[in-house]
Amino acid sequence: MKLRIWFLKLVSLGTYIFLWAPVLVIIVFSFSANKYGIKWEGFTWKWYAALFENETVRDACLRSLVIALITVLVATPLGTLTAYGLYKLRFKGKEFLRTSILLPIVMPEVVTGAALLVFFIKLMPFQLGYPTIIIAHIVFSTPLAVFVILGRMQRIDWSWEEASMDLGASRFNTFRRVIGPLLMPGIAGAAALIFPWSFDDFVITYFVAGIGDTTLPIYVFSQLRHGASPVVNVIGTLFTVITIVGLLGAKLMEKRRMTTDI
Amino acid sequence: MPTFETESLYAVELIDLQKRFGTVTAVNNVSFAIKKGEIFSLLGPSGCGKTTLLRMVAGFEKPDSGEIRIQNEIVNHIPPFKRECNLVFQQMALFPHMTVGENVAYGLVERKRPKTEIRNRIKEMLKVVNLVEMEDRYIHQLSGGQKQRVALARSLVLKPKVLLLDEPLAALDRKLRKKMQGELRRIQREVGITFLYVTHDQKVALSLSDRIGIMRDGQIIQIGSPSEIYEIPRTRFVAKFMGSCNIFNGKILSRNGSGLVFEDQHGHHLAISACDPVDTNTSCSIFVHPEIIEILPPGSTDAPVKDFANVLHGQIADVFYQGDFTELSVRIPDTTYTVAVHLNRITNSNIPLNEGQDVILRWDPCHSNILLD
């Protein structure tokens with residue numbers, strides 16, 4: 001009995017070490033003076049300075065942010081409406097549609113990426129670049145939103161909708177005043193999930209990016225091909241910190257909402 | 001010759017209403033009218049179609065055939081958000097992301113009433129339901145009874161032509177339900193709005209309603225005031241549904257002045273008053289309520305026993321003490337049946353209530369009547 005608990009503790013510890021050790025290494029080496037960023041040679045800020053002077057990184061970062069933002073702004077409302085239709089409307093083939101919406105989530109990214117590439121160059125006369133990246137991101141993000149919001153819809157008491165219509169609200173106003181606000185945690189959750197997903201997607205983006213419009217993950221990858229660079233460590237550190245702060249913020253908001261929600 | 005349509009006497013009229021779900025007929029040829037200002041209850045066991053009927057009036061279900069009129073206007077094709085009736089849901093369905101005041105204001109905001117009018121009407125309505133100081137609370141901060149009153153206020157503030165209530169008290173505990181019944185009636189009298197109340201609870205229906213319609217298998221089988229429904233049930237189903245009721249099977253033997261003489265299947269003769277003209281020799285059933293039966297000690301020979309009362313000799317088979325009354329189950333020798341008797345503590349004579357005790361049962365024929373099926 002005692003042994004088993006000991007063993008579980010050990011496994012948990014191991015899991016966390018595997019999770020955190022690479023991240024910690026990156027953070028530590030981002031401050032190392034070693035020019036390959038692979039061993040400790042004294043503290044320095046110079047890689048951070050280098051990063052902020054590097055225009056290519058700045059552009060790639062900005063591009064990634066814009067793509068992620070547009071993806072969130074399009075995929076979230078689209079996913080919300082799709083989820084509403086799949087949950088509330090009755091029509092033939094609904095079960096099929098509801099299952100197949102998950103396809104982009106379970107399909108290997110290589111397949112989705114390749115399929116989109118063929119689609120863009122053979123079927124639609126699209127110039128590879130910004131637009132194709134954004135379309136591709138919306139394609140794999142919308143199902144995520146549908147998935148998350150469908151989950152929230154299962155917790156909604158649909159007599160709220162009838163009550164609202166009974167009190168004189170049209171279907172549209174009912175959604176605007178009652179169902180929308182009550183779905184908000186789901187919608188916000190979907191957006192919070194889509195943003196990083198889009199921001200750090202590599203595989204699909206790599207297929208449809210074309211030449212020139214590099215996103216941050218593609219830039220990092222291309223840097224590593226020429227050997228390890230401490231700038232990559234800096235990027236990694238910055239994102240780890242930003243993500244953790246974001247997560248803590250979301251957690252805090254959730255706690256605040258818990259006291260007023262339902 | 002042209003006639004001028006005067007304002008209708010009725011808040012709601014249902015004419016030959018029919019609704020099927022697949023092969024199941026939920027509402028079958030129902031016609032009745034609800035008078036303005038009354039509390040009309042639809043009472044029936046679950047699955048009898050009463051909720052479907054209510055939802056058709058509200059507009060959430062479309063009838064297959066028939067007509068629904070609200071104050072003389074046919075509303076069959078008017079969507080729920082344009083009908084001048086409101087529904088109080090069984091689950092209340094209050095909006096959790098809004099305060100009490102915002103919930104009550106919901107319909108008025110939809111109707112784009114001016115801000116000051118909305119403010120005044122909320123205040124006024126919250127006063128009626130005794131929730132003035134709760135205006136800024138959220139729904140989860142309220143008790144069950146308070147939520148119920150918010151739900152009521154939210155609908156009543158719109159001054160509907162009829163308020164539809166779907167078992168609104170079912171979720172409350174017994175004590176609170178009793179209190180809310182009184183509240184409901186007070187509020188209804190105060191605002192003067194017609195109520196159509198759906199319930200499966202006989203006690204609630206009897207104490208709350210002006211009239212009751214008993215529903216079974218999609219049909220209305222009897223309509224009447226609470227006392228009519230309880231005291232003169234016309235069918236076996238109503239008699240049984242309204243509470244334990246003694247039913248005797250037999251036939252009409254002869255006419256006796258204003259009443260009839262009935263013979264049960266074991267040859268006992270019982271006198272009954274008759275509402276309807278019935279031919280002799282018709283086989284039928286009669287009922288008597290357990291609370292109007294008296295018990296007398298064995299061997300009582302006082303005159304009234306024989307002359308104008310029904311008398312049966314029996315033996316106490318079971319005694320169930322209930323506090324406010326005692327329920328006896330009296331076996332009638334040489335028959336298969338037992339008669340239920342409710343004794344209250346005053347009329348209870350000094351007969352020992354023990355199993356096996358011989359007793360005489362006596363009741364006035366005017367409390368017995370014929371069941372039509």
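What share of the contacts in chain B with a separation of 6 or more comes from residues 24 or more positions apart? In this predicted model, local features need pLDDT of at least 70 and side-chain atom pairs count only at pLDDT 80 or more, while totals for chains, interfaces and linings use all residues. Residues are numbered from 1 along each chain as its sequence is written, with chains lettered from A and ligands numbered from 1 in the order in which they are written.

The share turns out to be 66%, a contact being a pair of residues whose C-beta atoms, placed from the backbone, lie within 7 Å. Chain B has 373 residues, and 36% of them count as buried, i.e. with 20 or more other C-beta atoms within 10 Å of their own, again placed from the backbone. Along the principal axes, its C-alpha atoms fill a box of roughly 80 × 55 × 40 Å. Nine helices and 20 strands make up the list for chain B (DSSP runs numbered from the N terminus: H or I, at least four residues, for helices; E, at least two, for strands).

Chain B splits into domain 1 (10-237) and domain 2 (244-371), with bounds from an automatic or database domain assignment. Their centres, taken over C-alpha atoms, sit 40 Å apart. Five residues of domain 1 and six of domain 2 take part in the contact between them.

As for the two chains, 20 residues from chain B meet 17 from chain A. On the chain B side, strand 6 (85-88) and helix 2 (100-110) each give two or more residues, and helix 2 of chain B provides the largest share, three residues.

Notes
Buried ≥ 20, exposed ≤ 12 C-beta atoms within 10 Å, placed from the backbone.
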